[in-house]
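Open the model in your viewer and keep the selection panel at hand. The tour stops at a pocket, then a helix, then the confidence colouring.

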Amino acid sequence: SQLLYCKLMRLIGMVVSCPNSAFLVSSNSNIRAGIVHLCFDQLYSALSGRTTVGESNSALLDLREMHYQLMHKILSSRWNWFFKPINREFESEEGNKFFVKAMEIYFSSFQDMTLPPSTYGYNLSVFNDLQKVHKLYSVQLFKTEMLPAFTETLLTAMMDGSRQILHDELVLTVFGLASADFNLFFGQIVPRFVSKYSNPQATIPNFATSTDFPSFSRNLKFFINDIKV
């Protein structure tokens, strides 16, 4: 039931957030792996497979938003479950696997234009927070294998009228992703994105050389408008 899912996610959130939780910092990683598996695999699969029969769309969306919040709490508070603190390598094969799973869940949410703007915007803020606190975009696996797809997906979202209310949030997140490697952004991501649309001649004055946020923000707005024409 909805109440059961809510209670379970609140309980996990309390345990994860507790700084003095002895078993979370012990050398035994089985409990930690169990928590991450429950959240990133089992809970996600259960909520994704639910239908709205017998419950309102609102109730189901509330559960999914709680799940995104729980994922954020785990990633933000327990980054060391996934990465070693010194060399930023993965803590273990399981850490690698669950990090990839978390990114797949967020990627799917960014592709979902049916998500309410509040939920979509929350997930954008999660990425901005993980970049600010943990330098997410500098994680080698993310930077080399995920960043282009995330960036193109958010550019696509900017084309969707339902996401117009999130324009500022989208620009901020796209700028953060682009800042990780401007050469990649301007040299590969933008041309590939343009090629997907019917107006391949769309250009943005000085876009390729403007990497400060105010200019980038202005030029990105022109870029999206040109692509829409």
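**Stop 1: the largest pocket**

By class, 7 nonpolar, 7 polar and 2 charged residues line the largest pocket. Here Ala, Val, Leu, Ile, Met, Phe, Trp, Tyr, Cys and Pro count as nonpolar, Asp, Glu, Lys and Arg as charged, and the others, Gly among them, as polar. This is a predicted model: local features need pLDDT of at least 70, side-chain atom pairs count only at pLDDT 80 or more, and totals for chains, interfaces and linings use all residues. Residues are numbered from 1 along each chain as its sequence is written, and side-chain values use heavy atoms, leaving out hydrogens and water.

The largest pocket holds about 250 Å³ of space. Select Leu 61, Arg 64, Tyr 68, Asp 112 and Leu 115: of the 16 lining residues, these are the closest to its centre. Next, show helix H3 (30-49), helix H4 (57-77) and H5, the elements that give two or more residues to the lining. H4 gives the largest share, 6 residues.

**Stop 2: helix H8**

Select residues 147-159, helix H8. Among the buried residues are Phe 150, Leu 154 and Met 158.

**Stop 3: confidence**

Colour by pLDDT, the predictor's confidence in each residue, from 0 to 100. The protein chain has a mean of 86. Confidence is lowest in helix H2 (residues 22-25), at a mean of 55, and highest in H9, at 97.

Methods
Helix = DSSP H or I, 4+ residues; strand = E, 2+ residues; numbered from the N terminus. Expected span 1.5 Å × (residues − 1). Buried < 20%, exposed > 50% of the residue type's maximum accessible area, 1.4 Å probe, protein only. 1 Å grid on protein atoms, 1.4 Å probe; cavity = no way out; pocket = protein on both sides within 12 Å on 5 of 7 lines; lining within 4 Å. Points joined across faces, edges and corners; volume = space filled by probe spheres on them.
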